[in-house]
Amino acid sequence: MNKGKAYTGVDMFRVAAAFLVVAIHTSPLASFTEVGDFIVTRVVARIAVPFFFMTSGYFLISRYAPNAGRLQAFEKKTAAVYGAAIALYLPLNLYNRYFSMDHLLPNLIKDLVFDGTMYHLWYLPAAMLGAAVAWLLVRKCGFRCALQAAGLLYLAGLLGDSYYGVVKQTPWLQSCYAALFELSDYTRNGVFFAPLFFVLGGWLAGRAQTPAKGAVQASLKKSLAGFALSLLLMLGEGLLLRGWGFQRHDSMYLFLPLCVYFLFCALLCWRGPRRETLRTAALLLYIVHPMAIVLVRLAAKITGLTPWLVNNSLAHYLAVCAVSAAVSFPLAGAYQKWAQKRKMALRPACQRAWIELNLNHLLHNARELKKAMPPKCRLMAVVKAEAYGHGAYEVAAALNQNGVKAFAVATVEEGIRLRRYGVTGEILILGYTDPARAKDLFFYHLTQTLIDYDYAVRLNRQGYPLRAHIKIDTGMHRLGFAWEDVDKVAAAYGMRRLKIRGVFTHLCVSGSLRPEDVCFTKTQLQRFGRLLGALKDRGLPVAGVHVQSSYGLLNYPQLQCSYVRAGVALYGVLSSPGDETRLQLDLRPVLSLKSKIVLIRRIKAGETVGYGRLFTAERDSTIAVLPIGYADGYPRRLSGGKASVLINGQEAPVIGAVCMDQLTVDITDIPQAKVGMTATLIGADGGREISAPDVADAAQSITNELLSRMGRRLTVTR
Ligand SMILES: *Cc1c(COP(=O)(O)O)cnc(C)c1O
């Protein structure tokens, strides 16, 4: 998400893993040492494929309700690659008389689903099947249970693989496995082998936070130590099993999952630039290397170099690697270029109208607010209404990755969406949630606001252990328990199913410094204080106290609370342009609203423009059409010359009526304006800036409304 935060380690190791797979199929040490070759290709190199599974799992299977869309895309892409790979190897299949085998149809189906039509292609159906099984397990029963189930499948797989010796000693088991092997040649497939690694990857993704700098070092050390130890154990295991003659196949070991897990953790510590070409190259290496083996052998035969290029196993391995790499890397580079070109089509230059986010400003504002808060107070980022129109995903993910661990939303759907995006930490729903949705609150670890006593009773009855904050009405008279009603608040603390993690109130005139408003706010604070005192007197564990929203902090920074619920200030703007606040922070606007000129036309003096003929040209004029309108959140109230946009750093007045999908601006005084040029409706261009509060004010509204209405039709770019 952030620049410089890609998974460089994982990307780099993909290529190493692909070369390990080549080793499995060429046995580089075979002409020198048999045990050495066993260790390298039958044990160490076995890390490669599970590593691929785990990587896919890490990006696919999220902690909270796995994202079905991403899974579908993965299945589709893998199926396409599988199809292409099958086609690539058809000539070889024909040459090997694959299609003249007995029972062709059942064997073909079996190969397509489990074993692959070429010896290495099993990986692709296994990835598809493994991802689906893991996804279903996590979705149906959560991570812990999915890990157990996938672990059991893996154990069953082990018995058909490296531990087959155990099965051979038990006749009934042996007949079970014999039946199984009718369906799939090995247990190393998408049912027994892959799911565990997918689930492990997804589980890790849910836990992985961006650790502090010192913690990275510590975590790297621990992971490397864990990897070394488990690799040693796996080596011992492999050699023992080989000695005992237990192995039917050698893909699965007891210590393999542990080994891959620690390796993956270590690789996660290496963050840096994105290496997308390496990803594609690794996949291509995997797919083409058997073809390279054939080519190297063929070339050796033709040139008479067989003794060197084939019989010397190490030279053979290196030659196959070289040929595979010579095909894969240029192809991957070309693919990358093509993909980038396609992506360009989505860039601002090709958009009609878009929101531009400055996430550096967002993070700056978060730091600025934290500096203004008492040391123990935490920032609760209010990201309701698509993060005030900025895009909940972009905002919440950036904040979450930079240490913000508390969020507030308005509805249960908004909370669920954040979880699906992988946001961790506390998510408080500020508004009403139907008690019938208790299961969702529980499943997604959402914290519900108790809006009054009766509501608390109903929620408690649902039978799910739920986290909640109690809302107190201290004079706003919207949501909350009445502040005088200590008995009822205390009763909520005693409800069996509700874990009360916070208690809060909302100020209704904290934005105003007029004496009577300050007086009212003080009354609200006193009432809230009195209630807290009464609760403490009863010995109740009063924690998680919060009162201030943005203006609460800016005007009453001295309050000692557990959280500040900051919304509008986090986005770097005030609600109205002239607002005075006691504290003045260096807040920077996060959002810009842009569109571009799609048409320029000239009109004569006296002609009119748009619906209602609101604008009449006083002189011969040049006007430009921008394809953005009130359906995108640009208020219709700005019709009739109440606003301007910036083009080429100069102001162009909005003329006529703002339509649903377009508006017109006067560019008579901007001769440089051309079709395709960007128009800034909110934000800076050249030395000038149009602020969201100014636009909101001109539309007789406040920034909060203007921003939160930014239509879904806009794309968000960073
Ligand atoms: C929306 C909201 C906030 C955030 O308000 P801002 O003025 O945008 O900081 C805080 N608390 C509650 C209860 C809210 O509904």
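User: Which elements do the buried residues of helix 18 pack against?

Analyst: In this predicted model, the buried residues of helix 18 pack against helix 16 (384-389), helix 17 (392-401), strand 3 (406-409), strand 4 (426-429) and helix 19 (438-443). The buried set itself is Val412, Glu414, Gly415, Ile416, Leu418 and Arg419. Helix 18 spans residues 412-420. Gly422 follows helix 18, with a positive phi near 90 degrees.

User: What makes Tyr432 buried, exposed or partly exposed?

Analyst: Its relative accessibility is 44%. Buried needs a value under 20%, and exposed one over 50%. Tyr432 therefore counts as partly exposed. Tyr432 sits in the loop between strand 4 and helix 19.

User: What does Tyr432 touch, leaving out residues up to four places away in sequence?

Analyst: Tyr432 touches Gln448, Ile451, Tyr455 and Arg458. Another pairing is with Leu479: 47 residues apart in sequence, 8.9 Å apart in space, C-alpha to C-alpha.

User: Why are helix 1 and helix 3 called roughly antiparallel?

Analyst: Helix 1 (residues 8-26) and helix 3 pack at an angle of about 150 degrees. Angles over 145 count as roughly antiparallel. Helix 1 and helix 3 are therefore roughly antiparallel to each other. Their axes are 9 Å apart, and the crossing is left-handed.

User: Which residues make that contact, and how do they divide by class?

Analyst: Helix 1 supplies Val10, Phe13, Arg14, Ala17, Ala18, Leu20 and Val21. Helix 3 supplies Ala48, Val49, Phe51, Phe52, Thr55 and Phe59. By class, the contact of helix 1 with helix 3 has 11 nonpolar, one polar and one charged residues. Arg counts as charged, and Arg14 is in the contact. Thr falls under polar, and Thr55 is in the contact.

User: How do helix 3 and helix 6 cross?

Analyst: The axes of helix 3 (residues 48-60) and helix 6 (residues 123-159) come within 11 Å and cross at roughly 40 degrees. The crossing of helix 3 past helix 6 is right-handed. Val49, Phe52, Phe53 and Leu60 of helix 3 meet Tyr123, Ala126, Ala127 and Ala131 of helix 6. These contact residues divide into eight nonpolar, no polar and no charged.

User: What makes helix 21 and helix 22 oblique to each other?

Analyst: Helix 21 (residues 486-493) and helix 22 (residues 515-537) pack at an angle of about 55 degrees. Roughly parallel needs an angle under 35 degrees, and roughly perpendicular one from 65 to 115. Helix 21 and helix 22 are therefore oblique. Their axes are 10 Å apart.

User: Which residues meet where helix 21 packs on helix 22?

Analyst: From helix 21 come Val486, Val489, Ala490 and Tyr493. From helix 22 come Leu531, Ala534 and Leu535. The contact of helix 21 with helix 22 divides into seven nonpolar, no polar and no charged residues. Helix 21 passes helix 22 in a right-handed crossing.

User: What makes the pair Arg514 and Asp517 a salt bridge?

Analyst: The closest N and O atoms of Arg514 and Asp517 are 3.8 Å apart. The cut-off is 4 Å. The pair therefore qualifies as a salt bridge. Asp517 is buried: its relative accessible area is 13%, and buried means under 20%.

User: Why do Asp586 and Arg588 count as partly exposed?

Analyst: Asp586 has 34% relative accessibility, and Arg588 has 32%. Buried means under 20%, exposed over 50%, and partly exposed in between. Both residues therefore count as partly exposed. Asp586 and Arg588 form a salt bridge, with the closest N and O atoms 2.9 Å apart.

User: Which parts does the pair Asp661 and Arg713 tie together?

Analyst: The side chains of Asp661 and Arg713 meet in a salt bridge (3.0 Å, N to O). Asp661 lies in the loop between strand 17 (650-655) and strand 18 (663-666), and Arg713 in the loop between helix 25 (703-708) and strand 21 (715-717), so the pair ties together parts 52 residues apart in sequence. Salt bridges that share partners join Arg352, Asp632, Asp661 and Arg713 into one network. Asp661 is partly exposed, at 28% relative accessible area. Arg713 is partly exposed too, at 39%.

User: How many salt bridges does the structure hold?

Analyst: The structure holds 21 salt bridges. The protein has 25 helices and 21 strands, and 52% of its 718 residues count as buried.

Definitions and conventions: Residues are numbered from 1 along each chain as its sequence is written. This is a predicted model: local features need pLDDT of at least 70, side-chain atom pairs count only at pLDDT 80 or more; totals for chains, interfaces and linings use all residues. Side-chain values use heavy atoms; hydrogens and water are left out. Axes are lines fitted to C-alpha atoms, for helices over the stretch in contact, and angles run from 0 to 180 degrees between N-to-C directions. Helices (H or I, at least four residues) and strands (E, at least two) are DSSP runs, numbered from the N terminus. A crossing is left-handed if the near helix is turned anticlockwise from the far one by less than a right angle, and right-handed if clockwise. Contact means heavy atoms within 4.5 Å. Buried means under 20% relative accessible area, exposed over 50%, partly exposed in between (1.4 Å probe, protein chains only).
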